[in-house]
Structures are given as C-alpha cells and as structure tokens.
Amino acid sequence: MTSYSYRPNAPLNQYVDLIWVGKASNLQLEAKHHAAMFTELIFNYGDTFQVEGQNIVNYIGTDNHQIISGLKTEPFQTKVSGVYGSVGLILKPFCYGMLIDQFGSKAMEQISEILYNHLFAINEPNYQLVEKKLLSLFGNKAIDNDLMKFENYLSSKVLGKGSLSDFNLSISISQKSFIQKFKKNYQLTPGEYVKLKQVNHAIHLLQNNNAEKLIQVGLDAGFYDQSHFIRVFKKFCGLSPKQFVKSLKKE
C-alpha cells in the first residue's frame, strides 16, 4: 500500500486542512471510527469504498465515485475491498454546507478528473494546479462571520455548561436563526458540536495519559459531572471512557 498527504497553502487552507492519497493493488479493510471533528470529501478511483454512518452522501457517476462525510454524533465505519485508489480532502467542519449543493455536479466531476490526472496517477503531482482548481469549488462563497465568531469563541473558552447562552448574547441574529444557519453548514446543532469538541478533547487527554482519573479527564474536557461525561462519550465513540482506555492498551 502507498499513501501520502500534504497540507495546502493559503488561501485554500481556509477550507482544506489536509489532502491525502491512497493506493493498493488489493486491500481488504473494515474499520470503525469515533465521530471526528472534520468534514471529508473522498474521490474513489478503485473498487469498493464504503463509508457508513450519519451525514454521508454518495454520488456514483459514469467513471467516478464521490463521498462526502459530515460531522457525526456517533461512530461510523469504512469498508474497502479490491483495488484501492482514493484521494481525500480533510475539510473544515463548516465546508459541508458550502459544498453539498455542488455534490455530483459537473464542476465536482471536473475536480475528480483533475485530482486523478494531476495528483493520483502521476509520479510528480502538480500541487499548484490542484490547489488552484480546488479553490474554485469554494468560488466567491465567503466564510460566514457568525460561524467564524462561534469557532473563535469556542477556541478561547473551556467548554462547559452555559457556553452557548453566553455566545448567543454576543451576536446580532436570533438564537433560532443562528441554529438554522449552523445546522445547514455543520449538519449538527451548536449544542451537539460543543459536545463533539468536548469528546475529542477527552480522547486527546486519554490518548496522551494526561490525567490519572477518568473523572478529571471529563472535567478538564468541560463535562459537568462523571455521569454526563460517560453518557456523552459513549454516544459519540461507542465505548465508555474506561473501555476506550482498555482499547488503547490493546493497540
């Protein structure tokens, strides 16, 4: 199996965090993943490539298979069988709403062809051309100020009870309007997104052994008590925090 990735330059990096390429003459793989903090756009040039879970849309054209996978509040699965050949884009969470209207369009099919010809099928990829063409997908769509304000707010706070109420006081639109706008772009409500960030922070702490007691991990991640931490963590990951720690030791 051959795989590589790279991080795009500005201005594309406003939307795309990472671009990856994977190839194998034959691959049989089934994997389960916890709910991640990113949206992913995948172009499959091989045989079977399935992503199963929430907020996933497939488009199968004459000679290309596109998958867009949004944010989730529960685990999801990937299955690969046969010839493996794919290019994937790890996108900012809000990009689902920016791209879903173009999914399966002629413009997206052209992007699939460009990625194949200039990134996947050659030994010396033309990164500059690829980035320029990918940027055209986002065109004149500006990143929404309220969504960016929310991201900046969450990045500067310890996420806990009352986080959303404080934010709602800082924007000019109504809470209902903000929730509608947010869900269109993220596929989750703001409250679900806060929990997703908390769970991913807890996972980071558990993976790096940054706390001896699980309850301390939960508190540090913004959960207000142990039962709340266990309940939300299990919903998003499919395992309790204790089971998750045990699974790490088996790896």
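**Helix packing and aromatic pairs**

In this predicted model, helix α7 (residues 190-207) packs against helix α9 (residues 226-237) at an angle of about 95 degrees, and their axes lie 10 Å apart. Because angles of 65 to 115 degrees count as roughly perpendicular, α7 is roughly perpendicular to α9. On the α7 side, the contact is made by Glu 192, Lys 195, Leu 196, Val 199, Ala 202, Ile 203 and Leu 206, and these meet His 228, Phe 229, Val 232, Phe 233, Phe 236 and Cys 237 of α9. Sorted by class, this contact of α7 with α9 has ten nonpolar residues, one polar and two charged.

Aromatic rings come next. The count comes to 19 aromatic pairs. One of them joins Tyr 15 and Phe 138, which are stacked at 4.1 Å centre to centre with 10 degrees between the planes. Tyr 15 lies in the loop between β1 and β2 and Phe 138 in helix α3, so the pair ties together parts that are 123 residues apart in sequence. Tyr 15 is buried, with a relative accessible area of 7%, and Phe 138 is buried at 2%.

Ring pairs also link Phe 94, Phe 150, Tyr 153, Phe 167, Phe 178, Phe 182, Tyr 186 and Tyr 193 into a cluster. Phe 182 has its place in helix α6 (residues 175-186) and is buried, with a relative accessible area of 0%. Beyond its neighbours within four places in sequence, the contacts of Phe 182 include Leu 147, Phe 150, Pro 190 and Tyr 193.

Charges sit over rings too: Lys 72 lies over the face of Phe 76, at 4.7 Å from the ring centre, and Lys 235 lies over the face of Phe 236, at 5.4 Å.

Terms used: Residues numbered from 1 in each chain as written. Predicted model: local features only at pLDDT ≥ 70, side-chain atom pairs only at ≥ 80, totals over all residues. Heavy atoms only, no water. Helix = DSSP H or I, 4+ residues; strand = E, 2+ residues; numbered from the N terminus. Buried < 20%, exposed > 50% of the residue type's maximum accessible area, 1.4 Å probe, protein only. Contact = heavy atoms within 4.5 Å. Axes fitted to C-alpha atoms, helices over the stretch in contact; angles between N-to-C directions. Parallel < 35°, antiparallel > 145°, perpendicular 65-115°, else oblique. Nonpolar A, V, L, I, M, F, W, Y, C, P; charged D, E, K, R; others polar. Phe/Tyr/Trp six-rings, centres within 6.5 Å; stacked < 30°, edge-to-face > 60°. Lys NZ or Arg CZ within 6 Å of the ring centre and 35° of its normal.
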